[in-house]
Amino acid sequence: MGGEGGRVPRSTEASPEPTVNGDMLESYSRSGVPASRIYEPPSLLAVLGAAGRPEQDLLLDALSRDAVPWMRRRGGGGTVVLGPGQVVLAVVTEVDSPFRNREYAAQVNSCIVEALRRLSVTGVHAAGISDLAIRDRKIVGTSIYRTRRVLFYQASILVDTDVTLFTRYLAMPARVPDYRRGRSHEDFCTTLAREGYRGGVRAVMDALKEIVDERLPLLR
């Protein structure tokens, strides 16, 4: 994580190259069955939004030196670093409106807020376009990709990841939300562990799965 929200790419064509969790869209196009995926990334990966430019958004020398790969994703938003200590949520489903993207993001974000509440993590609130924050520091970043009737949402939750890696591998984004106030990646982002949570990644994944399984069929 570490990037910012942005415009939502819209397309009805298949992606020409592998993208993060892009296989979920391919599977959905065949089956039409709503799906979710919740996981902890096993290794570091820098991820560009659909409109991102690697030479502008990534610190390519550092990535190359540390043998950290990068990919794109289907969706808007800024460049992020995924890795251990984070929980990634990806959701694909059919929705009624080709618009209402902020509303849809808020609905899925509410699953994260409720899961964390059940783990006694309080004070998580909406910030920026579709972030979640604790106090004024980002804890969740999101991305949405749309076709007319399909919503593909992805989010990363900072549980106990090393936020210094964002500064190591990501340039300062050109577009930032007002609440960032010029802060570096390390000063802008926080983790659940920094905020006192001691339950670990697995507990977050389990709590989130329970909520998503309940609410995904209701997302319209």
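Contact here means heavy atoms within 4.5 Å. The model is predicted, with local features needing pLDDT of at least 70 and side-chain atom pairs counting only at pLDDT 80 or more, while totals for chains, interfaces and linings use all residues. Residues are numbered from 1 along each chain as its sequence is written, and side-chain values use heavy atoms, with hydrogens and water left out.

**Figure 1. Overall view of the protein.** The secondary structure comes to 7 helices and 9 strands (DSSP runs numbered from the N terminus, helices being H or I of at least four residues and strands E of at least two). Along the principal axes, the C-alpha atoms fill a box of roughly 40 × 40 × 30 Å. Among contacts with a separation of 6 or more, 76% join residues 24 or more positions apart. Buried residues make up 52% of the 220 (buried means under 20% relative accessible area, exposed over 50%, and partly exposed in between, with a 1.4 Å probe and protein chains only). The mean positions of the 30 positive and 26 negative charges are 4 Å apart (Lys and Arg count as positive, Asp and Glu as negative, and His and the chain ends are not counted; each charge is placed at NZ of Lys, CZ of Arg, CG of Asp or CD of Glu).

**Figure 2. The largest nonpolar core.** This core has 35 residues, and those with the most contacts inside it are Val 87, Leu 89, Ile 112, Ile 157, Leu 192 and Leu 208 (a nonpolar core is a set of buried Ala, Val, Leu, Ile, Met, Phe, Trp, Tyr and Cys residues joined through side-chain atoms within 4.5 Å). At least two residues of this core come from each of strand E5 (86-94), helix H4 (101-118), strand E7 (131-134), strand E8 (137-146), strand E9 (150-158) and helix H7 (200-215). A second, separate core of 18 residues includes Ala 133, Val 163, Tyr 179 and Phe 188.

**Figure 3. Leu 89 and Ile 112.** Leu 89 is found in strand E5 and counts as buried because its relative accessibility is 0%. Not counting residues up to four places away in sequence, Leu 89 touches Arg 37, Ile 38, Val 108, Ile 112, Tyr 153, Gln 154, Ala 155, Leu 208 and Val 212. Leu 89 and Asn 21 are 68 residues apart along the chain, and their C-alpha atoms are separated by 10.0 Å. With the same exclusion of residues up to four places away, Ile 112 touches Leu 89, Leu 132, Val 140, Tyr 153, Ala 155, Ile 157 and Leu 208.

**Figure 4. Surroundings of Tyr 169.** Tyr 169 belongs to helix H5 (residues 164-169). Its relative accessibility is 4%, so Tyr 169 counts as buried. Leaving aside neighbours within four places in sequence, Tyr 169 is in contact with Leu 44, Leu 58, Leu 59, Ala 62, Leu 63, Asp 66, Val 68 and Val 81. Val 80 is 89 residues from Tyr 169 in sequence and 9.0 Å away in space, C-alpha to C-alpha.

**Figure 5. Two loop residues with positive phi.** Ala 67 lies in the loop between helix H3 (60-65) and strand E3 (70-72). Its phi is near 55 degrees, a positive value in a residue other than glycine, and Ala 67 is exposed, with a relative accessible area of 65%. Ser 120 lies in the loop between H4 and strand E6 (124-127). Phi of Ser 120 is near 70 degrees, again positive in a residue other than glycine, and Ser 120 counts as exposed at 64% relative accessibility.

**Figure 6. Ala 193 in its loop.** The loop between helix H6 (185-188) and H7 holds Ala 193, which is partly exposed, with a relative accessible area of 23%. Not counting residues up to four places away in sequence, Ala 193 touches Val 159, Asp 160 and Arg 198. Leu 158 is 35 residues from Ala 193 along the chain, and their C-alpha atoms are separated by 8.5 Å.

**Figure 7. Gly 141 in strand E8.** Gly 141 has its place in strand E8 and is buried, with a relative accessible area of 10%. Gly 141 and Ile 129 are 12 residues apart in sequence and 9.7 Å apart in space, C-alpha to C-alpha.
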